[in-house]
Amino acid sequence: MDIVVLEKSAFEQLLSEVRQLTQRVEMLSCKCQDKRFQKWLTGEDVCEILEISQRSLQTMRSKHKICYAQLGRKFYYRPEEVELVVKQSGKYHHI
């Protein structure tokens, strides 16, 4: 275990920067809670709508047959993109 010794002013500066970073992250998080993003569908939703497996959806992503956004390990899809895939497949589901 290493012990790091900081002057009080350096420690206070570090704390100040961490607080600023925290505020920026919270602000960005609030922007992500915007109504536009609440309408995005999860992979599970898309699989249910398209009546396909998670693996098939993964293949569609790999072949660029559907657009998506990835946050961490989760994928999200715009309803418009899913509707486009539905229309191309010949099935009709209103999303």
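# A tour of the sheet and its aromatic cluster

The secondary structure of this protein consists of five helices and three strands. The model is predicted. Colour the chain by secondary structure and follow it from the N terminus: the elements run α-α-β-α-α-β-β-α. Then show the surface, which comes to about 8,200 Å² of accessible area, with 54% belonging to carbon and sulfur atoms. Of the 95 residues, 18% count as buried. Among contacts with a separation of 6 or more, 46% are between residues 24 or more positions apart.

**Stop 1**

Two places to look at are A69, which stands opposite Y76 in β3, and Q70, which stands opposite F75 in β3.

Now move to the turn of this hairpin, where two residues lie between the strands. Select G72 there; this glycine takes a positive phi near 65°.

**Stop 2: strand β1 and T42**

Select residues 41–42, which make up strand β1. The pairing of β1 with β3 is antiparallel and runs over two bridges. T42 belongs to β1, and the bridge partner of T42 in β3 is Y76.

Is T42 buried or exposed? T42 has a relative accessibility of 18%, so it counts as buried; the cut-off for buried is under 20%. Show the side chain of T42 and that of D45: the two make a polar contact at 3.1 Å. Beyond the neighbours within four places in sequence, T42 is in contact with K74, F75, Y76 and Y77.

**Stop 3: Y77**

Stay on β3 and select Y77, which is in this strand. At 0% relative accessibility, Y77 counts as buried. Draw a distance from the C-alpha atom of Y77 to that of L41: the two residues are 36 apart along the chain, and the atoms are separated by 5.0 Å.

Next, show everything in contact with Y77, leaving aside neighbours within four places in sequence. The set is W40, L41, T42, G43, V46, L57, R61, I66, C67, Y68 and V82. Which side chain makes a polar contact with the side chain of Y77? The partner is R61, at 2.7 Å.

**Stop 4: the aromatic pairs**

Show the rings of Y68, F75 and Y77, which form one aromatic cluster. A search of the whole structure finds two aromatic pairs. In the pair of Y68 and F75, the centres are 5.3 Å apart and the planes make an angle of 75°, an edge-to-face arrangement. In the pair of Y68 and Y77, the centres are 6.4 Å apart and the planes are at 50°, so this pair is tilted. Y68 takes part in the edge-to-face pair and in the tilted one.

Why does Y68 count as partly exposed? Its relative accessibility is 39%, and partly exposed covers the range between the buried limit of 20% and the exposed limit of 50%.

**Stop 5**

**Last view**

Y77 belongs to the aromatic cluster with Y68 and F75.

Note on methods
Residues numbered from 1 in each chain as written. Predicted model: local features only at pLDDT ≥ 70, side-chain atom pairs only at ≥ 80, totals over all residues. Heavy atoms only, no water. Helix = DSSP H or I, 4+ residues; strand = E, 2+ residues; numbered from the N terminus. Buried < 20%, exposed > 50% of the residue type's maximum accessible area, 1.4 Å probe, protein only. Contact = heavy atoms within 4.5 Å. Areas by Shrake-Rupley, 256 points an atom, 1.4 Å probe, with all protein chains shown as cover. Polar contact = N/O pair within 3.5 Å; in protein donor to acceptor, adjacent residues only side chain to side chain. Phe/Tyr/Trp six-rings, centres within 6.5 Å; stacked < 30°, edge-to-face > 60°. Pairing = 2+ DSSP bridges.
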